[in-house]
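Here is a short briefing to read with the model open beside you. Take the topics in any order you like.

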Amino acid sequence: MFSPAPEWWLSDTSVPYPDAVATMEERVSAISTGHARELIWLLEHPPLYTAGTSARAEELLRPDTFPVYETGRGGHYTYHGPGQRVGYVMLDLKQRTQDIRCYVHALEEWLIQTLRALDINGERRIDRVGIWIDRGKGREDKIAAIGVRVKRWVTLHGFALNIAPDLTHFQGIIPCGISNHGVTSLQDLGISISIKDMDTLLQQTFEAVFGAQATGPMQKRLPVPPETQA
């Protein structure tokens, strides 16, 4: 059965977080009932913090710095703001693989391949979600956060890739609940790339992982490390 390729929205203006969540929820409902195509929405938010379902009060260090929004995605506190590309990924796993761990692994692979195209070695960690950069001498910094939710087998939320955000804004939280590692960005690593060029790169690398249509490579089940399997 033919399934059309996902639709892409590329927002070039900052999107308020509540508006983005409302739009995402509406679209996911339409996808789940077969009334809309899958969607990948790349955007930017004004400075804010979001609290995932595992967030603890003590992880919010400076509650008066930016607005704080509770969200239904997994994970702890995350920062969003200018210079960061947020990807809201709305895919119908019924058409792909009904396996959430496999989906998260695919999201990670998408980001790893995108960074590899920029000659950056992004890595997974067994005990930590997201994409990490080995800075040497035991130092590791997160360059991309991942937080997902699945509703009727349609995915919500997705990732936040640090291109050139103000890294001091992360100091208001314990990012993703991890206090013994830092945060980095492409700019911090000496890579300069525009939002437009990053969007193009993300579109190019998406197909290699998820396929051109909804019945792409993910349906064949990407290999998942044993330690992340249920």
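A salt bridge here is a side-chain nitrogen of Lys or Arg within 4 Å of a carboxyl oxygen of Asp or Glu. Glutamate 25 and arginine 149 form such a contact through their side chains, with N and O 2.7 Å apart. Please keep in mind that this is a predicted model.

**Salt bridges**

- The count of salt bridges comes to 16.
- The pair of glutamate 25 and arginine 149 links distant parts of the chain: glutamate 25 belongs to helix H1 (residues 17–32) and arginine 149 to strand S9, 124 residues apart.
- Glutamate 25 is partly exposed, with a relative accessible area of 22%, and arginine 149 also counts as partly exposed, at 27% relative accessibility.
- Glutamate 140 forms a salt bridge with arginine 125, where the closest N and O atoms are 3.0 Å apart.
- In this pair, glutamate 140 sits in strand S9 and arginine 125 in strand S7, 15 residues apart.
- Glutamate 140 has a relative accessible area of 14% and is therefore buried, since buried means under 20%.
- Aspartate 188 forms a salt bridge with arginine 135, the closest N and O atoms being 3.2 Å apart.
- Aspartate 188 lies in the loop between S11 and H3 and arginine 135 in strand S8, so this pair ties together parts that are 53 residues apart in sequence.
- Aspartate 188 is partly exposed at 35% relative accessibility, and arginine 135 is partly exposed with a relative accessible area of 29%.
- Through shared partners, salt bridges join Glu123, Arg125, Arg128 and Glu140 into one network.

**Strands and hairpins**

- Strand S7 (residues 123–125) and S8 run antiparallel and are joined by 2 bridges.
- These two strands, S7 and S8, form a hairpin with 2 residues between them.
- Arginine 125 stands opposite arginine 128 in S8.
- S8 and S9 also run antiparallel, joined by 5 bridges.
- Glycine 136 has arginine 139 in S9 as its bridge partner.
- S8 and S9 form a hairpin with 2 residues between them, and lysine 137 in the turn has a positive phi of about 55°.

**Aromatic rings**

- A pair of aromatic rings is described by the distance of the centres and the angle of the planes.
- The count of aromatic pairs comes to 14.
- Tryptophan 41 and tyrosine 88 form an edge-to-face pair, 6.3 Å centre to centre with 65° between the planes.
- Tryptophan 41 lies in strand S2 (residues 39–43) and tyrosine 88 in strand S6 (residues 84–90), so their pair ties together parts that are 47 residues apart in sequence.
- Both tryptophan 41 and tyrosine 88 are buried.
- Tyrosine 103 and phenylalanine 210 form a tilted pair, with 6.4 Å from centre to centre and 55° between the planes.
- That pair links distant parts of the chain, with tyrosine 103 in helix H2 (residues 100–116) and phenylalanine 210 in helix H3 (residues 195–210), 107 residues apart.
- Tyrosine 103 and phenylalanine 210 are both buried.
- Trp8, Tyr103, Trp110, Phe159, Phe206 and Phe210 are linked into a cluster by ring pairs.
- Arginine 128 lies over the face of tryptophan 132, at 4.5 Å from the ring centre.

**Nonpolar cores**

- The largest nonpolar core has 32 residues, and those with the most contacts inside it are Tyr103, Trp110, Phe159, Leu186 and Phe210.
- At least two residues of this core come from each of S2, H2, strand S8 (128–136), strand S9 (139–151), strand S10 (154–162) and H3.
- H2 gives the most to this core, with 8 residues.
- Another core, of 16 residues, lies apart from the largest one and includes Val28, Leu48, Leu156 and Ala160.
- Leaving aside neighbours within four places in sequence, tryptophan 110 is in contact with residues including Trp8, Ile40, Val89, Phe159 and Phe210.

**A loop residue**

- Serine 192 is found in the loop between strand S11 (182–183) and H3.
- Is serine 192 buried or exposed? At 77% relative accessibility, serine 192 counts as exposed.
- Serine 192 and alanine 164 are 28 residues apart in sequence, and their C-alpha atoms are 8.3 Å apart in space.

Note on methods
Residues numbered from 1 in each chain as written. Predicted model: local features only at pLDDT ≥ 70, side-chain atom pairs only at ≥ 80, totals over all residues. Heavy atoms only, no water. Phe/Tyr/Trp six-rings, centres within 6.5 Å; stacked < 30°, edge-to-face > 60°. Helix = DSSP H or I, 4+ residues; strand = E, 2+ residues; numbered from the N terminus. Buried < 20%, exposed > 50% of the residue type's maximum accessible area, 1.4 Å probe, protein only. Lys NZ or Arg CZ within 6 Å of the ring centre and 35° of its normal. Core = buried A, V, L, I, M, F, W, Y, C linked by side-chain atoms within 4.5 Å. Contact = heavy atoms within 4.5 Å. Pairing = 2+ DSSP bridges.
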